[in-house]
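Subject: Structure handover

Hello,

Here is the structure I promised you. Please open it next to this message; my notes follow.

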Amino acid sequence: MRAREAYWIAVGEVLDPEVPVLSVVDLGIVRDIREEADSVVVDVTPTYSGCPAMQVIESDIIAALRNAGASNVRVNTVFQPVWTTDWISEEARARLRSYGIAPPSGAAAVVTELIPLRRRVETIACPRCGSSNTEQRSEFGSTACKAIMFCNECREPFEYFKPI
């Protein structure tokens with residue numbers, strides 16, 4: 001196995017600290033891993049600027065790559081193109097659902113006009129029972145990228161990973 005492949009496998013084991021059922025590769029924030037001179041360089045796009053998990057993610061990526069044999073590791077934060085929930089793999093969406101978080105629905109649109117403060121919330125299926133008889137209880141959940149939903153069928157709250 002080539003070193004670059006081993007590095008991707010190692011980084012693929014780094015879990016998102018806010019959604020520990022997903023790796024940072026599953027989430028789509030790792031944009032590239034390459035060797036430059038005597039270093040391994042990783043380009044990472046945060047889910048949003050100011051994401052509080054980025055320091056933990058960066059140190060976990062460095063540790064994983066050092067364990068995989070890289071002595072010098074550099075993590076670059078890349079803001080363009082901006083991260084979108086479209087980069088979350090289908091496998092990762094299924095893991096979110098089985099973990100109890102409704103994955104983002106549809107495709108995130110590239111918005112070029114002002115976004116209203118109150119957006120119409122589409123129907124979100126409950127990840128527990130599959131019912132679409134749900135309602136949003138809070139725009140924000142345990143993290144800014146999730147909302148709190150409630151299922152009127154099974155009477156359970158759940159988080160929804162908002163499309164960005």
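A residue counts as buried when its relative accessible area is under 20%. Val30 is at 6% relative accessibility, so Val30 is buried. Please keep in mind that this is a predicted model.

**Overall layout**

The chain has four helices and seven strands. In sequence order the pattern is α-α-β-β-α-β-α-β-β-β-β. Of the 164 residues in the chain, 40% are buried. Take the contacts with a separation of 6 or more: 51% of them join residues 24 or more positions apart.

**The largest nonpolar core**

This core holds 32 residues. Which of them touch the most other members? They are Val24, Ile29, Val30, Val42, Ile61, Leu65 and Phe161. Several elements give two or more residues each: the helices α1 (3–11), α2 (24–27), α3 (54–67) and α4 (90–99), and the strands β1 (30–36), β2 (39–44) and β3 (73–77). Helix α3 provides the largest share, six residues. Both domains take part: domain 1 (2–77) and domain 2 (88–161) each supply at least three residues.

There is also a second, separate core. It has seven residues, among them Ala102, Ile124, Cys126 and Phe158.

Beyond its neighbours within four places in sequence, Val30 contacts Trp8, Val11, Val24, Val25, Val42, Asp43 and Ile61. Thr77 is 47 residues from Val30 in sequence, yet the C-alpha to C-alpha distance is 9.7 Å.

Val42 is the other one to look at. Residues up to four places away are again not counted. Val42 then touches Val30, Asp32, Ile33, Ile61, Leu65, Arg74, Val75 and Asn76.

**Aromatic rings**

How many aromatic pairs does a search of the whole structure find? One. The ring centres of Trp83 and Phe161 are 6.4 Å apart. Their planes meet at 55 degrees, so the pair is classed as tilted. Trp83 lies in the loop between β3 and α4, while Phe161 belongs to strand β7 (residues 157–161). The pair links distant parts of the chain, 78 residues apart. Both Trp83 and Phe161 are buried.

Two arginines sit over rings as well. The charged end of Arg31 is over the ring of Trp87, 3.7 Å from its centre. Arg137 lies over the face of Phe150, with 4.1 Å to the ring centre.

**Cysteines**

The disulfide count is zero. Cys145 is in no disulfide, and the nearest cysteine sulfur, in Cys51, is 7.2 Å away. With a relative accessible area of 5%, Cys145 is buried.

Cys154 is partly exposed, at a relative accessible area of 28%.

Best wishes

Conventions: Residues numbered from 1 in each chain as written. Predicted model: local features only at pLDDT ≥ 70, side-chain atom pairs only at ≥ 80, totals over all residues. Heavy atoms only, no water. Core = buried A, V, L, I, M, F, W, Y, C linked by side-chain atoms within 4.5 Å. Buried < 20%, exposed > 50% of the residue type's maximum accessible area, 1.4 Å probe, protein only. Domains from an automatic or database assignment. Contact = heavy atoms within 4.5 Å. Phe/Tyr/Trp six-rings, centres within 6.5 Å; stacked < 30°, edge-to-face > 60°. Lys NZ or Arg CZ within 6 Å of the ring centre and 35° of its normal. Disulfide = S-S within 2.5 Å.
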